[in-house]
6 protein chains.
Amino acid sequence: MPSSLEFTHLTAQGHAQMVDVSDKPETVREARAEAVVRMLPTTLARLMAGDLPKGDVFAVARIAGISAAKRAHELIPLCHALALSAVEVELNARGDDAVCIRTRCKLNGRTGVEMEALTAASVAALTLYDMCKAVDRGMCIEHIRLLEKSGGASGHFQAAPDALKEGCA
Amino acid sequence: MPSSLEFTHLTAQGHAQMVDVSDKPETVREARAEAVVRMLPTTLARLMAGDLPKGDVFAVARIAGISAAKRAHELIPLCHALALSAVEVELNARGDDAVCIRTRCKLNGRTGVEMEALTAASVAALTLYDMCKAVDRGMCIEHIRLLEKSGGASGHFQAAPDALKEGCA
Amino acid sequence: MPSSLEFTHLTAQGHAQMVDVSDKPETVREARAEAVVRMLPTTLARLMAGDLPKGDVFAVARIAGISAAKRAHELIPLCHALALSAVEVELNARGDDAVCIRTRCKLNGRTGVEMEALTAASVAALTLYDMCKAVDRGMCIEHIRLLEKSGGASGHFQAAPDALKEGCA
Amino acid sequence: MPSSLEFTHLTAQGHAQMVDVSDKPETVREARAEAVVRMLPTTLARLMAGDLPKGDVFAVARIAGISAAKRAHELIPLCHALALSAVEVELNARGDDAVCIRTRCKLNGRTGVEMEALTAASVAALTLYDMCKAVDRGMCIEHIRLLEKSGGASGHFQAAPDALKEGCA
Amino acid sequence: MPSSLEFTHLTAQGHAQMVDVSDKPETVREARAEAVVRMLPTTLARLMAGDLPKGDVFAVARIAGISAAKRAHELIPLCHALALSAVEVELNARGDDAVCIRTRCKLNGRTGVEMEALTAASVAALTLYDMCKAVDRGMCIEHIRLLEKSGGASGHFQAAPDALKEGCA
Amino acid sequence: MPSSLEFTHLTAQGHAQMVDVSDKPETVREARAEAVVRMLPTTLARLMAGDLPKGDVFAVARIAGISAAKRAHELIPLCHALALSAVEVELNARGDDAVCIRTRCKLNGRTGVEMEALTAASVAALTLYDMCKAVDRGMCIEHIRLLEKSGGASGHFQAAPDALKEGCA
C-alpha cells in the first residue's frame, strides 16, 4: 500500500500528531461538501411558506456555517490553522422533506480544506436543527460528505455518483 | 397548533433572537445523541486491528466531542451559553463498515442540552473523518440525531424505534 | 464620595482585578444599549431598496451582535463570564443616512449585563460596516451607549433624554 | 457604477458569502482607526490624577484592543482570518471630557485590515467603559471610524478633514 | 483506598469523560496557586529599574492570567465550564533573579477552581516569558502548584510548608 | 547592548505593542520546549501500571498540548497569530516520580514559535495535573523552558546543559 494511504495523523507509536506540512508547496486548494437535513414535510412547508418565507432561518444557518469553517482547526484537534480565501454555504429545499446544504472552501496554502468544508456543512445543519427543533425534534442530519477536492499532492477527488444519489442531487 | 410548536428562535418579524429563558426553572436536563461514520471495510479493519489497535484515534475523537459540547453556543448562533455538568462520548465499531458515536450531556440549568449532545456527536464524527481521510476520502457521516431528552417544559422525547434501526442500534 | 463610585476594577495599588461578586445575590438583570451607523444617503438607499431589500445584511449584523454578546467576557478582560438568558438585536433605518441598532440582554446572575448589551451593539455596527465598506468607507459608528439597566445593587439607570436625542430616538 | 462599488459580501441572490480573495496578490496592507470615549470631566480627572495615575486602566484597554484585533474574524462573520504582522493601540486624554483611542494594524496578505483596526478601537473603548462604569454609566463611545488605509486593489483611503475634526484631532 | 482517590476523569474502560457533577451542591469554592519565573539577574534588574519601571510588563501578564482563568475549560479538555466570581493575579520580584506569580480564583458552583488558578499562573508566566524573551531566552518557569483550596466535598487542601519553601515564599 | 536585547514588546513609553514583523522574511522556524510534572511515586505507579496502562490520560494531555499550541496567540496578548505547520507533544515517565513532556512546533513564517512550544508544554502539563488531581493534589509543574530554537534573525538557541540536567534529560 502506498505511503499516502497511511494514518498520517498517528506516529509510529500510534500517538496523535499534527502532520508536518512545512515542505509542502503553497497552492490553491478547494473542497466542496454537503449535508442533508431530513425533517417532517409539515416542518419544511412551514419553513418555506408564508409572506415571510423562513425569515432569518437560512441566513442564520449560512452564517453559522461560514463562521464554523474558520474555526475548524479549533474543533478538530489535529487540523492545521489556516486562512481561508473563500467560503460559501448554500441551503435549498429538496423534495418535500429535506434541506440540502452545499459548501465550498478555498485556500492558498499548504493543506487541504476538506475539513473546513465538512465542518461548515455540519454546523449549518446543526444550526438549522436548532432553529426548527421546537417544532420537530425528530429531524436527522444525513450524508455529510466530501463532494470534491482539488489541489495538493493527494490529487483530485470526486465523490462517486452512487454516493451522490442519496445526497442532495 | 400549540404555542410550543412555534419557531421560537424567530420574532414575529422573522428575525433571529436568542429566546428568553429567564423565567424557566433551573432543573436537571439531559440529552443523548448519536452519529454514524460509514467507511470502507478495509478502513475499519485497519483501524481496529494490530498490536496497537487504533492508537489514539478513538481518544482524539472522544476528546474533540467533549470539547465541542462545551463550545456549542459559540458555533450555533442562537444557543444559550451554559455550564454542562457532565459529558460522555463513546465510539464503537458497528458491523464491518461503520463506527457508531453515542453522546450524553447533562445540565442543571434553564435550557435543554440537545444541541450540545448533537454537536459532540458531529464533531467526534468529523474528527474521526479527519484522522482517517488519508486512507478513505469517501467516508460519510450519517444519522446525526437526538436519541432522547429529558427535563424542561417540553417534556421527554425519545426517538422512534424505526429511526433507531438505521442508526447505531 | 460613596464607595459605589470607586474604580472597582482596580486594587488599592491600581492593579487590574476581576471584582469579587461571590457575595452578590442572583437576580434578574437587564440592560439595553444602542449604536448608530452613519453612512452616505446613497449607501442607505441601496441597502433598503430593490426587490431583494438588504438581502442578508441586517440578518448577518443581528447574528453577529447576538454571538458577540455571548463573548463579551472574552473580549473585555475584567468582565465576568456569564450565561445570558436572552439577547435581542434590532436594526432600523433612521432618517436617510443612518442605521440604528438597539440591543437588550438579560441574565439571572450576580453581575450586570451592560457590557454584553454594549458589545452586541458595537459588533453589530462593525459587521454592518464590514458589509457596506466596499461602497462607503467613510461610514462612522456613533453613540454607542447604555440606554437602561435594571437589577443589582447599583440600581436602575436610564440615559438622560438629551443623550438619547443624538442617538436612535 | 464600477464593480468595485458593489456589496461584495452578498451573492446575486443577496446571500452572505465570504468574498473569494484567492486571486489577490499578497501585499503589505495597513489601516488606522480611531474611537472617542466621552465621559464626565470628573471621571477623566480621577482617571488622570493622583500618585498612581490611572493604574492599569490604559494598559488593560490597550491590551484588550490588541487582542481583539487578532479576533476580528471571529466576531465579524464574513471577515477573513488573517495573521496580522503588527498592532498598535494608543489612548490619550483629549480636552477635559474624552479619551481618544488610535489604532494601527498591518498585514502581509490578501485582504485589507480595516475591520481589524476598527475592532481594536471598539474593544479598547468598551474596555475603558467597563473599567470606569462604576463611576460614570453615562459615558458614550463616539466616532469609531477608519482614518486611513493603504495597500490592495481598492487603493488608498484617507478620512476627510471635516470628519477628523469631530474625532480625536 | 477511598473512592475519592480514583482517576475520576476515566471511565472503567480508561476512557476520558467529563465527570458528572450534577448532584454536587453549589457552594463557594476558592483556590490559590503560584508560579515562579526564574531569569538572569540582569533581566530582572532591567525589568524593575528606571524611570519607567517595567512599563506595561506586569500589567500585561496580570491581564493575560485573568483572561486565561476564564478560558481554562477551553484549554483543558475535561474541565467544566464555569462562571468565576473573582480572579486575582499578582506579580512580585523575589530575590534578584525571579518573579513570583500568585493567583486566586473564586466560584459559586459545583466544581473546584484549582485548574483555573493554575492556568492563570501558567499563562501569566508564559506572558512574562514572552515579553522578556528578546533579552533572556533561558528563562525557566518553575513551581507551578496549588497553594490552597477550599470548598467542595474533597475538603480543604494546603500545600506542605516544604513545598512552599522552593516557591514564592 | 545590541538592539536585539531590548524589550521589543514595549514602545519607548513602556506601552505594550505587537511587534511589527512585516519586514521579516518568511522562513522555516522551529522550537522545542519541555515541562516536568512531579508527582508522588504512587501516583505515577498507578498511572503506568495495570492491564489498561494510563487509559486515555497521556492521549488527552497530548491533544490538549497540540490544541493549545494553535491558541497561543489567544492566550498571550502580544503573540502574533500564525499557522503552525507541525506540532508534536510527547509524554514519558521519568524516574519513579515524574512525567516529562517534550514539544516541537514548526512554522513557515515571519515570527519564532517559542511561545507555541512553551504553551503546548504548559497546557499538556496542566491537563495531566487535572486528570490526576483527584489522587494527588500536591503535584508540581517544573522546568517549563525552551530547549532549542532555530530560524529567524535572532539565530539558533540551545539551552545550556546544566539547565537540562534538572529537566527531562
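## The model is predicted, with local features needing pLDDT of at least 70, side-chain atom pairs counting only at pLDDT 80 or more, and totals for chains, interfaces and linings using all residues, while side-chain values use heavy atoms, with hydrogens and water left out. Residues are numbered from 1 along each chain as its sequence is written, and chains are lettered from A and ligands numbered from 1 in the order in which they are written.

**Exercise 1. Describe the interface of chain E and chain F by its area and its salt bridges.**

Step 1: the two chains bury about 4800 Å² between them, and carbon and sulfur atoms give 65% of this area; buried area is the accessible area (1.4 Å probe) that two parts lose on being put together, summed over both.
Step 2: the rule finds 4 salt bridges across this interface, a salt bridge being a side-chain nitrogen of Lys or Arg within 4 Å of a carboxyl oxygen of Asp or Glu.
Step 3: F:Arg137 pairs in a salt bridge with E:Glu114, and their closest N and O atoms are 2.7 Å apart.

**Exercise 2. Describe the interface of chain E and chain D, and find which three residues of chain E supply 66% of its buried area there.**

Step 1: chain E and chain D each bring 6 residues to the contact.
Step 2: about 500 Å² is buried between chain E and chain D, with 54% coming from carbon and sulfur atoms.
Step 3: E:Asp56, E:Ile63 and E:Arg71 supply the 66% of the area that chain E buries against chain D, more than any other three residues.
Step 4: there are 2 salt bridges between chain E and chain D, and E:Asp56 forms a salt bridge with D:Arg62, where the closest N and O atoms are 2.6 Å apart.

**Exercise 3. State the volume of the largest pocket, and say which residues lie closest to its centre.**

Step 1: the largest pocket has a volume of about 1000 Å³. On a 1 Å grid over the protein atoms alone, a pocket is an open set of points with protein on both sides within 12 Å along at least five of seven lines, a cavity is a set of points where a 1.4 Å probe fits but cannot get out, and lining residues have an atom within 4 Å of a point. Grid points are joined across faces, edges and corners, and a volume is the space filled by probe spheres set on the points.
Step 2: among the 48 residues that line the largest pocket, A:Ala83, D:Leu82, D:Ala83, F:Leu82 and F:Ala83 are the closest to its centre.

Methods. Contact = heavy atoms within 4.5 Å.
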